[in-house]
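Student: Please take me through one part of this model at close range. Then place that part in the wider structure.

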Amino acid sequence: MTAIRPQPIDLKRVQQRFVRGRKDPLGVVWFGLGSFWGHMRHFLASAIATEDVDSRDWMNPDEPGELCFRVARQLGATGRTPTLLEALERDVWVDYVADTGDDFEVSAQVARLIFQEYELPDPDAPEQVLHAPRGDILIFGGDTAYPVATVDELNNRVLVPYNQCLQERGDGVPRVLLGIPGNHDWYDGLDGFARLFRRPFEGEGAGEVSLVPVFSNPLAHAAQWTRKFLQGGQLQKPKRLLLDGYTAVQNASYFILPLSPDLHLCAVDRQLKSVDHRQRKFVSGWQRAHARSTPWVIAPDPAYGFCEARPTGQELVNALDLHYGEWNSFVLTGDLHHYQRFTVGKTLNVIAGGGGAFLHNAALQYATPQLDGGEVQRQWPSVAQCRSLLWQVPWKIASGAAGFIPHLLIACVFSPVVLFHLFPYNRELGLSLGWGVLVCVFWPLLALVGGVREKPKVAWPALGASLLLTSLAPIAYLLASRPLHDFLPRGPRSVLALLICSFAGSFIFGAYLALLTRLGLQHTQAFTALGHPGFKHFLRLRIRKDGRHIDGWCIGLTDPLAPGQEPQLVDQFSWRVQT
């Protein structure tokens, strides 16, 4: 395979038009019915977690030495040594990708990025290049498929595009597959995750590599599920999900892999709530026994995101007693669908969630990236690039391209106006009821989305303006539609009013989300609704054979589906293990 030399990324280039996928499965429509099912699974999974039902309780985490032996044996080592680098006696290459399965065609392009060899700038001699082969280990950093990482979604959105690419570029070299779950993996109770990442039991069938998407009729599936439920049976699923050429070696959703005497990889999982006591004991016990080692942590949530501390990430690093910021450490995460590298104290942080899912923006409240108590060295896309895309959000939501749930909700809110408008002498009553329902339903909803409790001085004016504009929509229409009284009967005129108000209200709702994002009050909803296909990336990492350096290169595609796109070098960094 010919190695590619990616060109440096241009962070100043602002691009507004991007090519979207046309092949099923398409990207998740965030306000659509399919995504709504994912939200329901989220709700149910969170309720179960609240009851302290934790699937990790039955897991038996791998003894780190045994996991090291399995990985080394798969990569060609014959003896048993305490660490991976001692067993292989060479550099180890690792590919890291997170937040993957969404649009089929985007996933296929990311697969081509990952399964490619590169010529990359040498950290020790920037004017020279070094050969960067495909990783010996491929690590998925969570949220493997959207909206819920079920067997079918994992198959259709990840494995099929990846396996099709591997059929073209497979080299027959055995490699290792590792992964941790994110929240979208937990919505399925880790069923799909376990079938992909758990190592097979003795006597378990090998399974088959999937190359064709499998689509089922939702109604037929529901009918089959109901029949099996009433009969006391169960639906049949593939026992194993296979990535061609890669072998799953882990037993639990978290693990420790000793890389060298001074460097250990610690991959953790917080379920949907927190790190469980067994995992804390497992990690802290290993750290106490290897006090001189330096941790490289792979986690599902960053401690800082959008230039602000994130409670879930902060709780995670504190629960594991990682001395975040105080000790030399490297924390690698996904969850946020962009790239950012920053330091907090002595801790290097890299967020690389560009594996295929919809884009998350940078922190737009700052002209340049700022971080209290730390320093941002790199982020992609830039603030300017994200701001240029933000204006598209209201139009995206109003047109229904992001789904029709907002339109349906607004139509329900304004239905009293239409209902009473059908009858004479009740327009005032209809408007009063419409306003009452609007205040009762939209006020708490918009307040919750807007983060009023966290930043009330900024959020309340935005909330009030959006609510006022939305509530004025039916009045504006009724006033403007008087010339139609002689041409349209009352019924069609009222239905038309409801349609216009639904789309106008959805546009205002989209503008409200965009305003929240611009002010830094809410960072995910606007760009999630935008469903943006651009700025995809993964990390290629080299663990030097001396075990004292990790070199990293972020390689990406600005517009993955545009013709003639070539890999670009987004970032390069080196982290030194202090001994």
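**A loop residue and its surroundings**

Tutor: Not counting residues up to four places away in sequence, Thr 81 touches Cys 68, Glu 86 and Ala 87; contact means heavy atoms within 4.5 Å. This is a predicted model: local features need pLDDT of at least 70, side-chain atom pairs count only at pLDDT 80 or more, and totals for chains, interfaces and linings use all residues. Residues are numbered from 1 along each chain as its sequence is written, and side-chain values use heavy atoms, with hydrogens and water left out.

Thr 81 sits in the loop between helix 2 and helix 3 (84-88). Helices (H or I, at least four residues) and strands (E, at least two) are DSSP runs, numbered from the N terminus. Thr 81 has a relative accessible area of 23%, so it is partly exposed. The scale is this: buried is under 20% relative accessible area, exposed is over 50%, and partly exposed is in between (1.4 Å probe, protein chains only). Cys 68 is 13 residues from Thr 81 along the chain, and their C-alpha atoms are separated by 8.2 Å.

Now follow helix 2 (64-74). Together with strand 8 (255-260) and strand 9 (263-267), helix 2 packs against the buried residues of helix 9. Those buried residues are Gln 279, Phe 282, Val 283, Ser 284, Trp 286 and Gln 287. Helix 9 (residues 277-289) also passes a length check. Its 13 residues should span 18 Å at 1.5 Å a residue, and its end C-alpha atoms are 18 Å apart, which agrees. The expected span is 1.5 Å times one less than the number of residues.

Next, the nonpolar interior. A nonpolar core is a set of buried Ala, Val, Leu, Ile, Met, Phe, Trp, Tyr and Cys residues joined through side-chain atoms within 4.5 Å. The largest has 71 residues, and Leu 84, Ile 137, Leu 257, Trp 296 and Leu 539 touch the most other members. Take Ile 137.

Helix 4 (residues 104-114) comes next. Eight of its eleven residues are buried, so the rest of the structure largely encloses it. The eight are Phe 104, Val 106, Ser 107, Ala 108, Val 110, Ala 111, Leu 113 and Ile 114. Their cover includes strand 2 (92-97), strand 3 (118-122), strand 5, helix 5, strand 17 (536-543) and strand 18 (549-557).

The loop between strand 5 (137-140) and helix 5 (151-169) holds Pro 147. A cis peptide bond joins Tyr 146 to Pro 147, with omega about -5 degrees. Asp 143 is in the loop between strand 5 and helix 5 too. Its phi is near 50 degrees, a positive value in a residue other than glycine. Asp 143 counts as buried because its relative accessibility is 2%.

Compare two other loops. Asp 24 and Pro 25 are joined by a cis peptide bond, with omega about 0 degrees. Pro 25 lies in the loop between strand 1 (7-8) and helix 1 (33-50). Cys 307 has a positive phi, near 65 degrees. Its loop runs between strand 11 (304-305) and strand 12 (308-309). At 5% relative accessibility, Cys 307 counts as buried.

Gln 385, in helix 11 (residues 383-390), is buried, with a relative accessible area of 4%. Beyond its neighbours within four places in sequence, Gln 385 is in contact with Asp 10, Leu 11, Arg 13, Val 14, Trp 380 and Phe 535. Asn 361 is 24 residues from Gln 385 in sequence and 8.9 Å from it in space, C-alpha to C-alpha.

Last, the whole. The protein has 17 helices and 19 strands. Of its 579 residues, 56% are buried. Among contacts with a separation of 6 or more, 76% link residues 24 or more positions apart.
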